[in-house]
Amino acid sequence: MNAQRGRGNGAGHRTEGMHLPPLNALRSFESAGRLGSIRAAAAELYVTPGAVSRQVRVLESWLGVELFRHDGRTIKLTDVGARYLRSVTEHLAGIEEATNRATGRGRAEGALRIRSYTLLASAWLIPRLTRFRRSQPWIELELVTSSDPADFGGRDVDAEIRPSASGPWPGNDADLVVDADLVLVCSPDYVEEYRLHSPEDLARLPGDGFLRSAASPQLWQMWFDALGLAGVDVHRGSVYGDSTLAYQAAAAGHGVMLAPMPFVEPDLSRGRLVVPFPVAPRPKMQFYLVYPSDQTHRRAFTAFRRWLLAEGATPAAADARG
């Protein structure tokens with residue numbers, strides 16, 4: 001085989017047109033170069049020394065360069081071979097790591113990696129995790145967060161918690177976790193300063209009064225559409241790269257923000273935030289646990305999923321398989 005050509009799937013670097021050497025030849029070269037011995041490489045790969053030597057010759061012929069110098073029964077990497085070995089070792093290790101992440105091999109049974117949007121993790125999930133750790137102490141949970149939609153959709157995690165606006169998710173299953181009212185909140189002082197008694201009063205806010213998250217740019221439009229209120233420019237205001245920052249800015253009196261009710265209930269009860277229009281219509285905002293269907297075979301994931309759905313008090317799972 002002189003080359004391997006593939007087609008990119010749109011989810012990473014393109015492979016179409018790549019000119020790659022035979023994988024078996026690369027593995028034989030990497031093992032022999034790393035161990036400094038054809039015989040040791042044969043033992044590691046469970047083949048004969050002759051098979052390793054043939055594969056190395058195949059690779060040298062394919063590359064058109066000499067990788068080893070032979071001195072009797074010993075081998076020594078050429079300068080080109082030494083440089084090539086470093087790159088080949090690094091990339092073969094990367095392939096192995098990617099394969100383990102995709103298949104779950106090489107991981108402890110209790111290892112579990114979940115990615116969540118930052119605001120949901122900090123305001124809703126983390127306060128509940130103590131109960132999970134007490135009920136499932138054998139699970140090693142790693143929680144990673146992001147507010148960038150581009151970070152979601154990879155197989156480097158077991159599952160992700162995503163807002164419904166990021167769907168659909170072809171090829172995955174999804175369970176409804178949070179189904180919340182979307183409410184406008186701000187600090188008590190901000191209500192007094194701008195005399196916010198009805199949604200129409202928002203038209204009097206300064207340009208930086210509408211706090212927006214780059215992760216959820218559609219929320220203000222959705223909220224005003226639900227109210228049937230026009231004449232307010234929803235594209236003005238301060239933009240934060242993280243919803244958590246916008247949430248903190250609202251509590252500090254910098255403006256008004258939209259947030260799912262469960263995320264702000266602790267600060268509402270403490271008086272740091274208020275809902276100035278309690279009778280205004282409240283559109284819904286949902287968050288789903290999104291995962292490949294093969295995750296249901298993992299005991300750690302099954303335990304986490306069952307616990308998470310109970311915390312969210314959701315009924316039956318919503319299937320989002322595409």
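Contact here means heavy atoms within 4.5 Å. Welcome to a set of close-up views of a predicted model, in which local features need pLDDT of at least 70, side-chain atom pairs count only at pLDDT 80 or more, and totals for chains, interfaces and linings use all residues. Residues are numbered from 1 along each chain as its sequence is written, and side-chain values use heavy atoms, with hydrogens and water left out.

**View 1. The whole chain, as a starting point.**
Of the contacts in the protein chain with a separation of 6 or more, 73% are between residues 24 or more positions apart. The chain holds 11 helices and 10 strands; helices (H or I, at least four residues) and strands (E, at least two) are DSSP runs, numbered from the N terminus. Buried residues, meaning those under 20% relative accessible area (1.4 Å probe, protein chains only), make up 41% of the 322 residues. The accessible surface is about 17,400 Å², and 51% of that belongs to carbon and sulfur atoms. Accessible areas come from the Shrake-Rupley method with a 1.4 Å probe, and for residues only the protein chains shown count as cover.

A cavity is a set of points, on a 1 Å grid over the protein atoms alone, where a 1.4 Å probe fits but cannot get out; lining residues have an atom within 4 Å of a point. Grid points are joined across faces, edges and corners, and a volume is the space filled by probe spheres set on the points. How many cavities of 30 Å³ or more does a search of the whole structure find? There are 2. By class, the lining of the largest cavity comprises 15 nonpolar, 5 polar and 1 charged residues. Here Ala, Val, Leu, Ile, Met, Phe, Trp, Tyr, Cys and Pro count as nonpolar, Asp, Glu, Lys and Arg as charged, and the others, Gly among them, as polar.

L119 is found in helix α5 and is buried, with a relative accessible area of 9%. Not counting residues up to four places away in sequence, L119 touches W124, S243, T244, Y247, M257 and F263. T145 is 26 residues from L119 in sequence, and their C-alpha atoms are 8.8 Å apart in space.

**View 2. Helix α9 and what covers it.**
Helix α9 (residues 243-251) is largely enclosed by the rest of the structure, because 7 of its 9 residues are buried. Those buried residues are S243, T244, A246, Y247, A249, A250 and A251. Their cover includes α5, β7, β8 (239-240), β9 and α10 (261-270). After α9 comes G253, which has a positive phi, near 90°.

**View 3. The second largest cavity.**
This cavity has a volume of about 50 Å³. Which residues line the second largest cavity? They are L182, V183, L184, W223, V275, F277, A280, P281 and R282. Strand β6 (residues 172-185) gives the largest share of this lining, 3 residues. The lining of the second largest cavity divides into 8 nonpolar, no polar and 1 charged.

**View 6**
Two strands pair if DSSP finds at least two bridges between them. Strand β3 (residues 111-117) is mostly covered, with 6 of its 7 residues buried. β3 pairs with strand β4 (residues 140-146) in the parallel sense over 7 bridges, and R113 stands opposite E142 in β4. β3 also pairs with strand β5 (residues 159-163), in the parallel sense over 3 bridges; the partner of S116 in β5 is I161. β5 and β10 then pair in the antiparallel sense over 4 bridges, with R162 opposite Y288 in β10. β6 and β10 run antiparallel and are joined by 9 bridges, among them the one between A174 and V290. β10 is mostly covered too: 8 of its 9 residues are buried.

**View 4. V52 in its surroundings.**
V52 lies in helix α3 (residues 49-63) and is buried, with a relative accessible area of 0%. Leaving aside neighbours within four places in sequence, V52 is in contact with S28, A32, I38, A41, A42 and V47. The C-alpha atoms of V52 and A32 are separated by 7.9 Å, although these residues are 20 apart along the chain.

Conventions. 1 Å grid on protein atoms, 1.4 Å probe; cavity = no way out; pocket = protein on both sides within 12 Å on 5 of 7 lines; lining within 4 Å. Buried < 20%, exposed > 50% of the residue type's maximum accessible area, 1.4 Å probe, protein only.
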